[in-house]
Amino acid sequence: MAFHRITFNVNGELEQADVPSNMTLLKMLRENLALTGTKNGCAEGECGACTVLMNGEPVNSCLVLAVECDGAEIVTVEGLAHDERLDAVQQTIIDAGGVQCGFCTPGILISARALLDRNPQPSEEDIRIALVGNLCRCTGYVRIIQGVQEAARI
Amino acid sequence: MVMEETNTKVPSPIGENKIRLDAREKVTGAALFADDIQFGSGLLHARVKRSPHPHARIISIDTSKAKALPGVKAVVTGEDYPGYIGLYLLDRHIFCRDKVRYVGDPVAGVAAKSEQIAEKALQLIEVEYEVLEPVLDPEAGVSPEAPLLHPNLEEYEVANFIFPEPGTNISNHFKIRKGDVESVWDECEALVERKYHIPHIQHVPIEPHVAIAKVDETGEVTLWGSSQSPFAQRNLIAKCLGISQSDMRVIAPYVGGGFGSKAGVSMEALAVVIASQVKGRPVKLLLTREEEFYTAFVRQGLVAYFKMGCDADGRLLAMENKFFWDAGAYTEYGVNITRASGYSSSGPYEVPNVKTDSYCVYTNHPVGGPMRGFGMPEMHAGLEQCIDELARDIDMDPVEFRRINCLKTGSVLVTGSKMHPIGLTQCLEKAADAIGWGSKAPPSAPNKKRGKGIALMWKAPAMPPNAGSSAWVELAEDGTLTVGVGGQDIGQGAFTVAAQMAAAALGVPYEWVRIATPVDTLYSPYEWQTVASRLTWSMGNAVVNAAKDARRQILDLVAEAWEEDPQNLDIVNGIVVSYKSEREMPLKDIAIYGLPKPDDQGWLGGPVRGRGNFMPSYITGLDPETGQGERAVVHYTTGAQAVELEVDLDTGRVEILRGVSAFDVGRAINPELVEAQMEGGFVQGMSSALFESMQLKDGVMQNPSFVDYRIATSTDVPLDLENIIVEVPQDDGPWGARGVGEHSMVPTIPAIANAIYDAVGIRMEGPPFTAEKIYLAMLDAGIVK
């Protein structure tokens with residue numbers, strides 16, 4: 001297996017890694033960098049639990065190869081809060097009661113952050129569509145959608 | 001939300017919407033799930049070779065090539081593990097030994113240095129099968145001609161309330177014989193006879209099953225896993241392997257969704273057995289999503305026959321029900337679902353004459369396990385539609401019909417016992433009011449039809465009569481509290497509720513309480529399992545008892561030190577106060593180091609640790625021939641759901657516009673968490689009603705992925721979901737509380753089905769009510785052309 005040296009930025013910090021050709025971004029984050037907040041729910045791009053920001057865009061990290069991240073800027077759920085201050089959408093999803101088991105939560109927060117970055121005043125429909133790739137089995141989505149609406153309001 | 005007025009005073013923070021304890025760690029990615037634990041480079045990866053046949057005899061297994069593959073550390077088969085495992089009926093080997101009984105049945109396991117090597121090793125294992133005729137239908141499975149799936153059924157160890165019929169594929173037959181149905185059919189003004197078929201569905205937690213096992217040189221086992229049942233796993237795996245329970249340690253961090261699929265032992269024993277061949281090395285088995293779909297416990301299928309009749313005044317006179325549970329290859333859990341559906345087979349109604357036969361049938365389908373509702377969503381799906389039909393047959397409003405017949409305090413239940421105080425009528429009326437029962441708004445477009453539907457439910461925790469809980473409460477130097485529990489937070493908020501109860505019972509602020517996590521059978525107090533919606537009630541009682549024990553220790557100590565009567569002392573906001581002397585002292589000055597004696601010559605007290613437990617003592621058996629008995633269950637939680645929907649005549653698509661849930665939870669310890677359960681359960685129920693079905697063809701699941709097995713997404717749910725809390729206290733619940741985790745998806749299928757009927761006048765044999773099925777049914781009925 002060929003290895004590749006890549007340099008990339010994760011949550012504001014520069015990282016260098018030697019990664020095999022077939023390693024996914026998800027595996028690199030979880031196993032090489034111990035950033036286990038990004039979850040593996042299906043490893044086939046269907047559930048959204050592994051969503052991270054890659055150059056500002058939400059991607060399923062299970063479908064991105066680590067080698068593709070050379071020079072990229074990655075933000076994971078661990079990178080949303082700054083100086084112990086939660087990102088607005090982290091706080092509003094807590095306040096709305098949109099957290100239950102918490103396994104889909106990191107991916108949902110990243111998708112919501114990406115939406116709010118490109119569209120600070122999303123409609124309810126915009127929010128639903130932005131989250132359609134993030135499956136949640138506990139909450140029924142209602143409180144999550146309300147949490148994102150509230151984040152857009154403040 | 002509407003709160004019922006109750007007279008009992010409750011201490012803070014009972015009844016308050018405290019933010020969940022685990023919220024911050026869950027939104028920052030800090031919360032630890034089993035697959036997040038880092039084991040370093042010594043970790044081995046396991047994969048499992050599974051049966052491609054629904055039913056076959058194993059002729060031979062050749063593992064020599066797999067063993068020779070570099071990087072492979074262990075290959076195991078069932079040969080060395082003859083023990084049986086199971087919760088109520090021990091009918092399963094960890095790895096198959098003589099026969100395979102479903103597609104996915106584990107035949108061999110591999111541990112290797114990487115997942116890729118393990119996967120490659122699986123391909124090198126050669127298994128020769130003699131394919132046998134499968135049983136693919138539960139009704140066919142009970143016929144004498146059916147192939148026998150477990151010829152040695154009579155040798156299996158079984159709980160004393162389960163009744164297998166050796167020589168058949170029936171692993172439990174539960175009977176109700178109450179009154180005499182035959183004598184009253186002629187008196188009935190209206191009779192409804194229907195057959196329903198409820199398909200298999202999958203639990204689909206977003207976190208797949210994962211287990212990491214390590215066996216050390218002395219044989220002590222450590223298992224880390226995503227688990228609803230660490231103590232049951234300790235017990236069942238130890239029993240199966242013939243080791244001591246204390247040599248088996250289970251560590252269970254947060255669970256990324258369970259819904260029953262992570263209860264009992266599902267795949268964890270596979271990891272333990274594989275790890276036992278590579279002593280000292282941790283071995284991880286993580287199910288792929290595909291395996292999750294076709295090898296994890298499923299919600300078993302049901303073929304249900306209902307016959308029920310009422311008189312001209314709308315009084316239910318009789319019900320005759322037959323349930324054939326398609327419980328799959330091993331029915332270790334399904335046998336108790338069969339029992340629960342039997343002793344609840346009247347639905348939440350008082351019916352003088354009931355005859356029920358509930359059969360648990362072995363088939364060559366995936367293994368049935370406990371899924372949210374434990375048989376009740378499946379049973380109510382048909383039953384609550386029949387109730388609607390009966391009401392319409394005698395020209396009575398379905399809400400009025402239900403009001404007349406539904407259980408009230410003191411009603412005689414189907415098992416002959418009496419109903420405890422119950423708020424079902426309030427649930428019915430509030431749900432009907434909230435949905436605007438009796439009024440019909442025009443559809444949103446000319447090609448749509450609008451309808452409303454309602455359904456009731458009841459459900460008891462289905463568990464052994466002596467399922468117990470325990471807890472401890474310990475104070476730190478700063479006076480804060482750590483609470484040890486063995487129940488699990490699987491998303492429902494059990495830890496938060498436990499913390500609220502401990503805070504209230506001891507007298508400290510909620511913010512001072514933390515839960516000792518992860519649950520670890522070596523240190524955590526015993527808990528039977530996180531199932532049956534029983535934690536708030538059962539574990540809650542244990543937590544309250546532990547907190548009261550700590551409180552008593554503290555007050556006795558202070559009384560002695562201050563030379564006062566403990567009756568005059570209290571703990572308020574973490575401060576011990578005397579109402580007599582008006583002295584005060586913060587807990588932090590007492591908790592660890594005690595207090596000086598009144599004469600200052602020596603010390604009193606010591607580190608405070610309260611302990612408590614709870615186990616129901618009053619459950620009696622049921623007569624095996626009649627299903628009658630004094631008290632079969634601890635309690636029933638009851639409730640109602642109502643929906644308003646539209647059916648698109650051009651496409652058949654059903655859109656849920658509004659949903660209302662009303663449940664009698666006894667007492668809401670944290671109303672917002674209760675509402676979140678109602679809402680999440682409604683959507684899960686809606687998903688099962690509209691989208692979900694494991695498509696089994698010749699025993700093979702055809703849709704084992706999220707693309708082909710659709711669950712509700714953010715675009716499917718109505719935001720207009722109203723949650724109504726009714727509170728008629730439970731006599732032995734903490735502050736009157738009883739559980740509500742599962743109940744919220746029990747009446748959803750029939751509420752939607754009744755609304756579809758109201759909209760377009762069609763009924764289906766079973767869910768899912770997909771656009772295609774609805775459209776074709778409308779074509780058949782001549783509603784569309």
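These legends describe close-up views of aromatic rings in a predicted model. Residues are numbered from 1 along each chain as its sequence is written, and chains are lettered from A. Local features need pLDDT of at least 70 and side-chain atom pairs pLDDT 80 or more; side-chain values use heavy atoms, without hydrogens or water.

**View 1. F39(B) pairs with W224(B).** Rings of Phe, Tyr and Trp (its six-membered ring) pair if their centres lie within 6.5 Å; planes under 30 degrees apart are stacked, over 60 edge-to-face, the rest tilted. By this rule, there are 20 aromatic pairs over all chains. F39(B) and W224(B) form an edge-to-face pair, 4.9 Å centre to centre with 75° between the planes. F39(B) sits in the loop between α1 (23-28) and β1 (44-50), W224(B) in strand β11 (residues 221-225), 185 residues apart. Both F39(B) and W224(B) are buried (under 20% relative accessible area, 1.4 Å probe, protein chains only).

**View 2. Y88(B) meets Y333(B).** The ring centres are 6.1 Å apart and the planes at 75°, so the pair is edge-to-face. Y88(B) lies in the loop between β3 (72-77) and β4 (99-100), Y333(B) in the loop between β16 (316-328) and α8 (334-343), so the pair ties together parts 245 residues apart in sequence. Y88(B) is buried at 3% relative accessibility, Y333(B) at 2%. Ring pairs join both into a cluster with F161(B), F297(B) and F374(B).

**View 3. Lysines sit over rings of Y254(B) and W185(B).** A charge sits over a ring if NZ of Lys or CZ of Arg is within 6 Å of the ring centre and within 35 degrees of the ring normal. The charged end of K26(B) is 4.7 Å from the ring centre of Y254(B). K307(B) lies over the face of W185(B), 4.3 Å from the ring centre.

Methods:
Helix = DSSP H or I, 4+ residues; strand = E, 2+ residues; numbered from the N terminus. Buried < 20%, exposed > 50% of the residue type's maximum accessible area, 1.4 Å probe, protein only.
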